[in-house]
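Please read the notes below alongside the model.

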Amino acid sequence: MTEATEATESPQAPIERAAYLRPLSITHAINDVLGVDWRMLMGRKRHQSVSSARVMCGAMLRRRTSMSLEEIGTFLGNRDHSTVMYYVDKCDRDMSENPAVSATYRAVEKRAEEIETNVEHTPQA
């Protein structure tokens with residue numbers, strides 16, 4: 001079976017990835033845009049604002065980093081890889097159903113890119 005055939009026959013379509021971001025840039029962007037601290041993202045609280053931010057963070061980590069599902073799960077407070085898969089699916093579904101969610105995702109992504117740019121251009125001592 002060729003790689004192209006495997007990709008189309010897999011139950012989960014391959015994730016399209018833009019330029020990679022650092023995981024901490026994404027968590028800082030989530031904090032800046034949504035006001036959810038990284039400790040809350042890693043925690044067990046299930047308030048809607050926190051869980052929505054966690055879903056968005058997990059999906060963005062999957063799309064914009066080289067981290068595996070397991071690594072993302074560990075990063076987000078020792079969650080299972082299937083939970084991260086759920087985050088990606090839920091984020092996709094929410095963005096397709098609600099333009100406000102899609103706009104928020106883009107704002108977080110843009111902020112993370114700005115943070116990356118500032119990190120890359122910070123002079124080293």
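1. Buried here means under 20% relative accessible area, exposed over 50%, and partly exposed in between, with a 1.4 Å probe and protein chains only. At 6% relative accessibility, Tyr 87 therefore counts as buried. The model is predicted, so local features need pLDDT of at least 70 and side-chain atom pairs pLDDT 80 or more, while totals for chains, interfaces and linings use all residues. Residues are numbered from 1 along each chain as its sequence is written, and side-chain values use heavy atoms, leaving out hydrogens and water.

2. Arg 79 sits in the loop between helix H5 (69–75) and helix H6 (81–97); helices are DSSP runs of H or I, at least four residues, numbered from the N terminus. Arg 79 is buried but has no salt bridge (a side-chain nitrogen of Lys or Arg within 4 Å of a carboxyl oxygen of Asp or Glu). Asp 80, the nearest side chain of opposite charge, is 11 Å away; Lys and Arg count as positive, Asp and Glu as negative, with His and the chain ends not counted.

3. What joins the side chains of Arg 79 and Tyr 87? A polar contact of 3.1 Å, the term being a pair of N or O atoms within 3.5 Å, one able to donate a hydrogen and the other to accept it within protein; residues adjacent in sequence count only if both atoms are side-chain atoms. A polar atom of the Arg 79 side chain also lies 2.5 Å from the backbone oxygen of Gly 43.

4. Just after H2 (residues 23–34), Gly 35 takes a positive phi of about 75 degrees. The buried residues of H2 are Ser 25, Ile 26, Thr 27, Ala 29 and Ile 30.

Methods
Helices (H or I, at least four residues) and strands (E, at least two) are DSSP runs, numbered from the N terminus. The expected span of a helix is 1.5 Å times one less than its number of residues.
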